[in-house]
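Please read them with the structure open.

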Amino acid sequence: MNLSVLKCCRVIALSCVGFAIAAPAQLISAQNPFQGKRLYVDPNSPAAQQAKVWQRSRPEDAARMRIIADQPLAIWMGDWIRDIRRDTEGLVSRITGAGALPVFVAYNIPHRDCGQHSAGGARGGDTYRRWFGDFAKGLGSRASVIILEPDALAGADCLPMLMKDERYVLLQQAVRSFRQGGAAVYIDAGHANWQPPAEVAKRLEKAGIQFANGFALNVSNFQPTELNITYGRSVSQLVGGKHFLIDTSRNGRGGAAGNEWCNPRQQALGLPPTTNTGTPLVDAFLWIKSPGQSDGTCNGGPRAGQWWPDYALELSKMADVLKSMVPR
């Protein structure tokens, strides 16, 4: 183990077990784990249930809600789940039993969201290690994808230095724990209008990008897909050619939100989820953020993560408006 790793572990009083530099054989190739796989559509999603409620009383709105209900969504896992291993085992069994690939978002890092709308997360490093260890056990050896800790790297500026160092170590340990069972891991890297490519690349390296399959962009944000592709290519060049994912769930207006990220209005659904992106470095366009889940108590929204049918309906309506404006 080199001196810098020893110093880091000593300073933040963490165990160095499993943190040694890996042999070349442990580094992850550029193979796309989505290739040939089907994404899972939850028949009981909030959007699907809402469409049923509105079927008779609001048939046009129900049809717009079904546009969301018919798309595959990532499943968020965090501190609201009492038994992470049991629930993960059940979800993986259900999804793989349907012939699809499970896609999860791990969202439980300590000091999550810097105390803002999505504040919470594990109470400390040891709690977080136990959590992602049990999460990985629930996945077992079955094929799955983990999108690791949205905003944890790009939004780390709120943390003091020691907490930043701890976060990098925890993320790297989480990557390696998930990878040990065979899950594909994409570390969240913010979006194209947040951190410069060189800065986010530096943070990705500290967080263990060399052991991950790649990184994720635009999670829960509204930046245009093409802008994120250009940005992702720049980051990829700095981290060994790693591939990436892009969240297209709410970016149909291509960045009209400006700097507003919390329930901005007049936004639209983006490109449907697909594993055929037409861009070799982009493994998939996914709906990682569920359209209709609130970003927080802002712009009229309920608590972060709660279902907000009016916002989901607005996203679907605006997508219709944008389609009608495309020249034929």
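1. In the packing of H4 on H5, the residues Ile-84, Arg-85, Thr-88, Glu-89 and Val-92 of H4 meet Trp-131, Asp-134, Phe-135, Lys-137, Gly-138 and Leu-139 of H5, where contact means heavy atoms within 4.5 Å. The residues of this contact divide into 5 nonpolar, 2 polar and 4 charged; here Ala, Val, Leu, Ile, Met, Phe, Trp, Tyr, Cys and Pro count as nonpolar, Asp, Glu, Lys and Arg as charged, and the others, Gly among them, as polar. Helices (H or I, at least four residues) and strands (E, at least two) are DSSP runs numbered from the N terminus.

2. The axes of helix H4 (residues 84-97) and H5 come within 7 Å and cross at roughly 30°, which makes H4 roughly parallel to H5. Axes are lines fitted to C-alpha atoms, for helices over the stretch in contact, and angles run from 0 to 180 degrees between N-to-C directions; those under 35 degrees count as roughly parallel, over 145 as roughly antiparallel, 65 to 115 as roughly perpendicular and the rest as oblique. The crossing of H4 and H5 is right-handed, a crossing being left-handed if the near helix is turned anticlockwise from the far one by less than a right angle, and right-handed if clockwise.

3. The basis of these values should be kept in mind: this is a predicted model, in which local features need pLDDT of at least 70 and side-chain atom pairs count only at pLDDT 80 or more, while totals for chains, interfaces and linings use all residues. Residues are numbered from 1 along each chain as its sequence is written, and side-chain values use heavy atoms, with hydrogens and water left out.

4. For the protein chain as a whole, there are 9 helices and 7 strands, and of its 328 residues 54% count as buried, buried meaning under 20% relative accessible area, exposed over 50%, and partly exposed in between (1.4 Å probe, protein chains only). Among the contacts in the chain with a separation of 6 or more, 73% come from residues 24 or more positions apart.

5. Helix H2 (residues 46-54) packs with helix H3 (residues 59-69) at an angle of about 165°, their axes being 8 Å apart, so that H2 is roughly antiparallel to H3. This crossing of H2 and H3 is left-handed. On the H2 side the contact involves Ala-47, Ala-48, Gln-50, Ala-51 and Trp-54, which meet Pro-59, Asp-61, Ala-62, Met-65, Arg-66, Ile-68 and Ala-69 in H3; the residues of this contact divide into 9 nonpolar, 1 polar and 2 charged.

6. H7 and helix H8 (residues 225-238) have axes that come within 9 Å and cross at roughly 50°, and the two helices are therefore oblique to each other. The crossing of H7 and H8 is right-handed. From H7 the contact draws on Pro-197, Ala-198, Val-200, Ala-201, Leu-204 and Glu-205, and from H8 on Tyr-231, Ser-234, Val-235 and Leu-238, with a division into 8 nonpolar, 1 polar and 1 charged.

7. Gln-195 sits in the loop between strand S4 (184-188) and helix H7 (197-206), and at 11% relative accessibility it counts as buried. Its side chain makes a polar contact with the side chain of Asp-157 (2.9 Å); such a contact is a pair of N or O atoms within 3.5 Å, and within protein one must be able to donate a hydrogen and the other to accept it, residues adjacent in sequence counting only if both atoms are side-chain atoms. Leaving aside neighbours within four places in sequence, Gln-195 is in contact with Ala-154, Asp-157, Val-200, Arg-203 and Tyr-231.

8. Val-185 lies in strand S4 and, at 0% relative accessibility, counts as buried. Not counting residues up to four places away in sequence, Val-185 touches Ile-146, Leu-148, Val-175, Phe-178, Arg-179, Ala-212, Asn-213 and Gly-214.

9. His-111, in the loop between strand S2 (103-107) and helix H5 (125-139), has a phi near 60°, a positive value in a residue other than glycine, and is partly exposed, with a relative accessible area of 36%. Gln-266 has a positive phi of about 60° although it is not a glycine; Gln-266 is found in the loop between strand S6 (243-247) and strand S7 (282-286), and at 39% relative accessibility it counts as partly exposed.
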